[in-house]
Amino acid sequence: MSGLRLFLSKVKMQSIEHILFAVNPAAGEGRTGKKGDSASKDFGDCGLFISKNPGEIAEFLTGNADKYDLVVAVGGDGTVNECVNGIIKSGNIETMLFNLPSGIGNDYALNLGISEKPAKIKKYCENLREEKNMLRVKELDVWQIDEKYFINYASAGFCAKTLNERNKANFLNGKAKFFFVALMNYLTYKPIEAEIKINEKKIKSRIFSMIISNGKYFGGGMKMAPEARMDDGILDISIIKPAAFCDYVNIWLNSYKEDRTETKNMHFCKSDSVNIKSSEMMPLQIDGEYLGEKKEINIVKAKEKIKVLVPQKF
């Protein structure tokens, strides 16, 4: 935490006076709570909000984001998502966002090159002390589904259902839990008949899962969209069709590679909006947060971008 104090002192010197640390103790299967317990001592006179229930960070920022120049999300992708929703809904798009990753997947931080290793954070801070600016401001796209916003990815179908089941499971931890739940879900999950509208073109298909990506990484380091950029106004879409189990294993293994090759079970495209309709209920999640089931999912680019701090090399 000494590294955080150094980071904080340097940021203040750069005219960022009002800072809020938004801490989600439940992130990382409870590991973030240890940071939150000592936060009031380590963060000095900065604002501190420690959530007790899902949605509280977003609700707090919706009414208070205008009081802060910078919000530091201490948690994983879900914590970042709550901060994005709160800042955008507050109407104060000048408030900046930074993430100290301590979740399970940390795909947002991975997309932006923000390390979760304490030694790396300390190095950032030591360089800042030497007046080498390690962070810069960047504007990223935000995407909208009804009244909810996301910054990294959304998924519908199998992946969303698996996420929900993983969150409810009270055995195993980390990726082991995810892959065990995914295997169990595979045995019972039924693909969905859907009509997908992309680039004004309609596609009727049975889908196993869809991943709609603003960033490259998904599901804890899987590179589902290696060409994706978070500031180009375009979504990278992966449509996974029903297949044999061995085909899904290949899709999973290939997701860690730079190259994406289409197959009869995997289709890729790009668009600035997505609409999915089905007569069946479709599980839906955004940035690792489960939103329930819908018969229609409409994704559009939000009017506002969000200002974030990223490493200079990003």
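# Chatting through a predicted model

Student: Let's start with Glu-193: what relative accessible area does Glu-193 have?

Tutor: Glu-193 has a relative accessible area of 42%, so Glu-193 counts as partly exposed. Keep in mind that this is a predicted model.

Student: Where do Lys-307 and Glu-94 lie?

Tutor: Lys-307 is in strand S18 (residues 306-311), while Glu-94 is in the loop between helix H5 (77-90) and strand S4 (96-101). The pair therefore ties together parts that are 213 residues apart in sequence.

Student: Nice. What about Lys-197, which residue does its side chain meet in a salt bridge?

Tutor: Lys-197 meets Glu-200, with 3.6 Å from N to O. Lys-197 is partly exposed at a relative accessible area of 32%, and Glu-200 counts as exposed at 66%.

Student: Switching topic to pockets. What volume does the second largest pocket have?

Tutor: About 470 Å³. The second largest pocket is lined by 20 residues, and Phe-158, Phe-179, Ala-182, Tyr-248 and Trp-252 lie nearest its centre.

Student: How do the lining residues divide into nonpolar, polar and charged?

Tutor: The lining of the second largest pocket has 18 nonpolar residues, 2 polar ones and no charged ones.

Student: And which helices and strands supply at least two residues each?

Tutor: Helix H8 (158-168), helix H9 (174-186), strand S11 (209-213) and helix H10 (245-254) each do that for this lining.

Student: I also noticed Ala-244. Where is that one?

Tutor: Ala-244 sits in the loop between strand S14 (235-240) and H10. Ala-244 is partly exposed, with a relative accessible area of 39%. The C-alpha atoms of Ala-244 and Asn-265 are separated by 9.4 Å, and these two residues are 21 residues apart along the chain.

Student: Now Asn-85: buried or exposed?

Tutor: Asn-85 is buried, at a relative accessible area of 3%, because buried means under 20%. Asn-85 belongs to helix H5.

Student: What is Asn-85 in contact with, leaving aside neighbours within four places in sequence?

Tutor: Asn-85 is in contact with Ala-58, Thr-62, Glu-147, Lys-148 and Tyr-149.

Student: Last topic, confidence. What does the pLDDT of the chain average?

Tutor: The average is 83, and 82% of the residues score at least 70.

Student: Where does pLDDT stay under 50?

Tutor: Residues 36-40 are one such stretch; the model has 4 contacts for them beyond four places in sequence. Residues 127-131 also stay under 50, and for these the model has 8 contacts beyond four places in sequence.

Methods
Residues numbered from 1 in each chain as written. Predicted model: local features only at pLDDT ≥ 70, side-chain atom pairs only at ≥ 80, totals over all residues. Heavy atoms only, no water. 1 Å grid on protein atoms, 1.4 Å probe; cavity = no way out; pocket = protein on both sides within 12 Å on 5 of 7 lines; lining within 4 Å. Points joined across faces, edges and corners; volume = space filled by probe spheres on them. Helix = DSSP H or I, 4+ residues; strand = E, 2+ residues; numbered from the N terminus. Nonpolar A, V, L, I, M, F, W, Y, C, P; charged D, E, K, R; others polar. Buried < 20%, exposed > 50% of the residue type's maximum accessible area, 1.4 Å probe, protein only. Salt bridge = Lys/Arg side-chain N within 4 Å of Asp/Glu carboxyl O. Contact = heavy atoms within 4.5 Å. pLDDT = per-residue confidence, 0-100.
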